[in-house]
Amino acid sequence: MGEKVRVGIVGLEFGAEFIPIYQQHPDADMYAICQRTRSHLDEIGDAYGVERRYTSYEEMLANPSIDVIHINTPLQHHADHVVAALEAGKHVGCTIPMATSVEDCRRIVEAQRRTGQVYMMMETTVYSREFLFVQDLYRSGKLGKLQFLRASHHQDMTGWPSYWDGMPPMYNATHAISPTLALGGHQAEYVQCLGSGTVFESMKDAYGSPFAIESTHIKFLNRDLGAEVTRHLWAVAREYRESFDAYGAVRSFEWAQTAGGEHIVYLGEQAVPIEVPDFASRLPEPIQRFTRAGVYTDDGESQHRSFVQGGGHGGSHPHLADRLIRSVLGEVDAFPNAVQAANITCAGILSHASALRGGERMYLPDWTLSDLPPFEVALAEDVRPAWRDEVSPLGDTAVETN
Ligand SMILES: NC(=O)c1ccc[n+]([C@@H]2O[C@H](COP(=O)([O-])OP(=O)(O)OC[C@H]3O[C@@H](n4cnc5c(N)ncnc54)[C@H](O)[C@@H]3O)[C@@H](O)[C@H]2O)c1
């Protein structure tokens, strides 16, 4: 590897949003881009000044100068593209979900083990400012013992590429599942899912999925703890929302109902609306500005729909890019790594299988489980009097602001 990590990006719709971040990252060299249509490839290459351009993914992988491939191709290609990159000796960051079948997740876990290269699932929600804020609250003891988690991902996929039509909601539920597990470093042991409502007739055959909404319960491995996750893509009236709630014995966090609403921290029964701080100061200075939406263009018109719809994914993109680069440099572990990504993604895939079987309990395979212990806070017997003495809903938790 040279002085800087040489990055190749494949898939230039959502993927294009990461180009300026790598260009500004002090340890990265935004080296090559790849997508199938020459005209769009050149349009993006010219706009950002990237010289090395490929219409063939295989040709990009054959370039020995590239250290890491950031994959942003459609989800049904993730497994093949990840395995090919790992086997070509590249480190990999791949957008969500890890894959769309349990078997494909397994192929990636095995390929990562075999090759020893870095694999990271580029999950935006576990690098959002809300997640980083609640994680700080939890790890500083302010939530107390975790008692329950809840998450949702509501999104109307009208107008998106046709391969989304009829997709089982839980096949792409990592945005909602991952924060519930990642908050305390927990793992899914089994899932039980209810399929509810009816998707459009024209979509039922695409993936054999009849449900408008899937709602799954996740039991955490070896713990008295679990989460509920709700997901829809079609035929449900609801504003876009990627949310998670965390219920602790002392404090809880609930996500705003609407985009303009306020998140709430509860101290006991006291409800306090809060403004979540930004965590840009954790990043190298040149990429700190990318935690704010609207930085890519002056008018914002070229932004990807999910970025606009999702409010910029909570400022997560520069955190993701930085974590991937530092993982490749060996400074930190990738998160979620292959095993963790498989646990998160398979919890969704198996939830859909559970829904099709009327809510049958489905266990996560052993190879999705790691030995890492979770971060846990015990239930204190004197917790009730303690919270009544406190004056601030955030206690003395130090949160970073910019
Ligand atoms: N918040 C998030 O994490 C988030 C948001 C948006 C999209 N995504 C993910 O990003 C991925 C892409 O989504 P999108 O909406 O940009 O998709 P898209 O279909 O609009 O674009 C896909 C891109 O991949 C390229 N591509 C496809 N097959 C290729 C191949 N064989 N070789 C080279 N290039 C190829 C296409 O040319 C195009 O540039 C999806 O998996 C989606 O789940 C994640």
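Helices here are DSSP runs of H or I of at least four residues, strands are runs of E of at least two, and both are numbered from the N terminus. On that count, the protein chain has 12 helices and 15 strands. Keep in mind that this is a predicted model.

Overall dimensions first. The chain has 402 residues, and a compact globule of that length would have a radius of gyration near 21 Å. The protein chain has 21 Å, so the two agree. Along the principal axes, the C-alpha atoms fill a box of roughly 65 × 50 × 45 Å. Of the 402 residues, 48% count as buried. Now contacts with a separation of 6 or more. Residues 24 or more positions apart account for 72% of them.

Next, the sheet. In what order do its 9 strands run? The order is β14-β13-β12-β11-β7-β10-β9-β8-β15. The sheet is open, and the pairing is mixed. β14, residues 270-274, and β15, residues 362-363, stand at the edges. Each has a single partner strand, so one side of each is left without a neighbour in the sheet.

Look for Y266, which stands opposite A271 in β14.

Helix α11, residues 338-356, lies across β8, β9 and β15. Relative to β8, α11 runs at about 40 degrees.

Now helix α5, residues 102-115.

Which residues of α5 are buried? They are D104, C105, I108, V109, A111 and Q112. These cover an arc of only 165 degrees around the axis, which puts them on the same side of α5. What do they pack against? The partners are α4, residues 78-87, β6, residues 119-121, and α11.

The face of α5 turned away from the buried side carries E103 and R114, both exposed. After the helix comes G116. Its phi is positive, near 75 degrees.

Conventions:
Residues are numbered from 1 along each chain as its sequence is written. This is a predicted model: local features need pLDDT of at least 70, side-chain atom pairs count only at pLDDT 80 or more; totals for chains, interfaces and linings use all residues. Two strands pair if DSSP finds at least two bridges between them. Two residues are in contact if their C-beta atoms, placed from the backbone, lie within 7 Å. Axes are lines fitted to C-alpha atoms, for helices over the stretch in contact, and angles run from 0 to 180 degrees between N-to-C directions. The radius of gyration is taken over C-alpha atoms; the globule rule is 2.2 Å times the number of residues to the power 0.38. A residue is buried if 20 or more other C-beta atoms lie within 10 Å of its own, exposed if 12 or fewer, and partly exposed in between; C-beta atoms are placed from the backbone. The arc is that of the directions from the helix axis to the C-beta atoms.
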